[in-house]
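I opened this entry to record what I looked up, starting with confidence and then going on to the fold.

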Amino acid sequence: MSEEEITKLLDLARLELSNHEISGLAQQFGDMLQFVGQVNSAAQNLEQKPMILKDSIAFRDDIISQTRICSSEFISARQKDSRRDFIVPRIVGGEARDE
Amino acid sequence: MNEILFDTAVNLQKQITANQLSAKELFDIQAEAALKHNPTLNCYHIITSEYTSDNLIYGVDYPSLEYNGYQCLPFSTKDLMCITSVETTAGSKILSGWKPPYTASVVQNLFNRGCRSIGMTNMDEFAMGSSNEYCSWGIPRNPWDLNRVPGGSSGGAAVSVASGLAPLALGTDTGGSVRQPAAFCGIYGYKPTYGLFSRYGIIAYASSLDQVGIFTRGALDLAMAVETIAQPDPLDSTCQATSDKHYVDLANQSFDHPPRIGVIKHFLNPELVDPAILAHLERFITEVTKLGWQVVEVELPMLELSLPIYYIISCAECSSNLARYDGIRYGPTGDHPDLKQRYIEVRSKGFGQEVRRRILLGTYVLSSGYKDAFYNKAREVRNAISSNVNNLLSDCDFLLTPTTPDLPFKFGSKTRDPVKMYTSDACLTFVNLAGLPGVSIPVGFSSIDGVELPVGLHLTSKRFNDERLLQACVQLELAGLCGYKAPKAFII
């Protein structure tokens, strides 16, 4: 992986490293990508099978599961003030300009 | 020798119930030992008995005779479990001085039963590491050889239990971070089914894999702790615990039929696993067969992909979870006038090298153009591995593997090569990917250069079949196939 690509990634991740650290990381990162890249080649022939919910882990972002919290807990919960969702803090600096 | 320091929680509980020892006396003995040995072992970042906060004074001092869970006993807490007003840093400079305004549910469940935390144990920064060498507050040392790592990321927690500085320690296990240090330190390390323990108040690393785990010196101690900690929690929607299971009673029962154990063939390879560990595995198989347990060799397709998949998924999730440490929401407020530069300044100074590496890898696998090739592919293979493991577990009661491919290694021997370090968890990550329960049991020692080093073996079972796994631990301990031994150097 090139040092330019590492610099671009660092910018995306809001991080900064010295030139010396970037060159060290470029070599390590290449090894790490080769390591995790095994998945890509090995999974080419993976047979797509739907998975039964009971076999999956509890955390699935593609399936809506039934909550175990009882309805009385929902009813007794403090009412949410939905107006708060729309209060946007004033953002200063480059981020606001990007928008 | 102060036997109390190395006794099991079951025996300590008996002494307290029989009025031979008070909860306060026990806590004071443990806290004093922690203060004495911590300069050598560095397992605690903070010893909470030094605090005078009201939050650390709990009313319950006498155990209930009707309750056989963990009560009125001390424990240590990994430094990423929030306790109101107690500094919680996740082993990172970026959270130095941060005092949470709330307490993690698992810790609160122990507090509710009169238990007190001795201190916050050292860990790899944000639980990213397998040796505890990435801790911002110094490296904990293995009590069996002070020149060797205790394992990680919950290394401090494992050391606290192994060296008699706490009878129970709470850790977290994202890809083996409880079971691997348990094996390195010669104690029991248990990771429950994903969803059995609440994660509320636990500083997140990879949310779909993180799970609180426990370290003890006795098999039944695990069941005692699970009985207290596994409670329903409306504050964590992934928590599926019910309060109707009595783990101590269930773990104490003998099996109604001899269990069937599947030994995963992939790990019976001296090129992957240290031959000294394989020798223990072979001896163990012979012994359990004598108990009448059935042992079969099994194959787990795509197992070799579990480690790379684990790193893709955990790094992707960590790059998202750690975005909150920006100096605005968490972390020291920077002073740069430009907001983006302020984020960069705070994060670059606050995070250590391993955390930065994993955030970058996560950013890469989630970036447009690479997401399908890495992250989405990894999710597909994760589901396939989960199905394969579940298929095996419909035929076997337990799967058996070594806990670690290596014996505890020397400081600095793997830090220069991240991929080499990652392989320390090679035998364990499939369990986290499938959300299964797993336990490392201490089965003996191997000698290197005249130093005895602990060896652990690992058992896993079906999801939410934790009581069966605990039952196996108790039965194996009763049969003399596993058990704790105190490290000589720390016997007072």
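**Confidence first**

Where pLDDT is low, the predicted coordinates should not be read in detail.

For chain A I noted a mean pLDDT of 68, with 44% of its residues at 70 or more. Chain B has a mean of 93, and 97% of its residues reach 70 or more. In chain B, pLDDT is below 50 over residues 51–59, a stretch with 14 contacts in the model beyond near neighbours in sequence. The predictor gives the complex an ipTM of 0.87 and a pTM of 0.90.

**Chain A, fold and surface**

I found five helices and zero strands in chain A, taken as DSSP runs numbered from the N terminus (helices H or I, at least four residues; strands E, at least two).

Of the 99 residues in chain A, 27% are buried (under 20% relative accessible area, 1.4 Å probe, protein chains only). I put the accessible surface of chain A (Shrake-Rupley method, 1.4 Å probe) at about 7,800 Å², of which 51% belongs to carbon and sulfur atoms.

**Conventions**

Residues are numbered from 1 along each chain as its sequence is written, and chains are lettered from A and ligands numbered from 1 in the order in which they are written. Local features need pLDDT of at least 70 and side-chain atom pairs count only at pLDDT 80 or more, while totals for chains, interfaces and linings use all residues; side-chain values use heavy atoms, with hydrogens and water left out.

Notes. pLDDT = per-residue confidence, 0-100. Contact = heavy atoms within 4.5 Å. Buried < 20%, exposed > 50% of the residue type's maximum accessible area, 1.4 Å probe, protein only.
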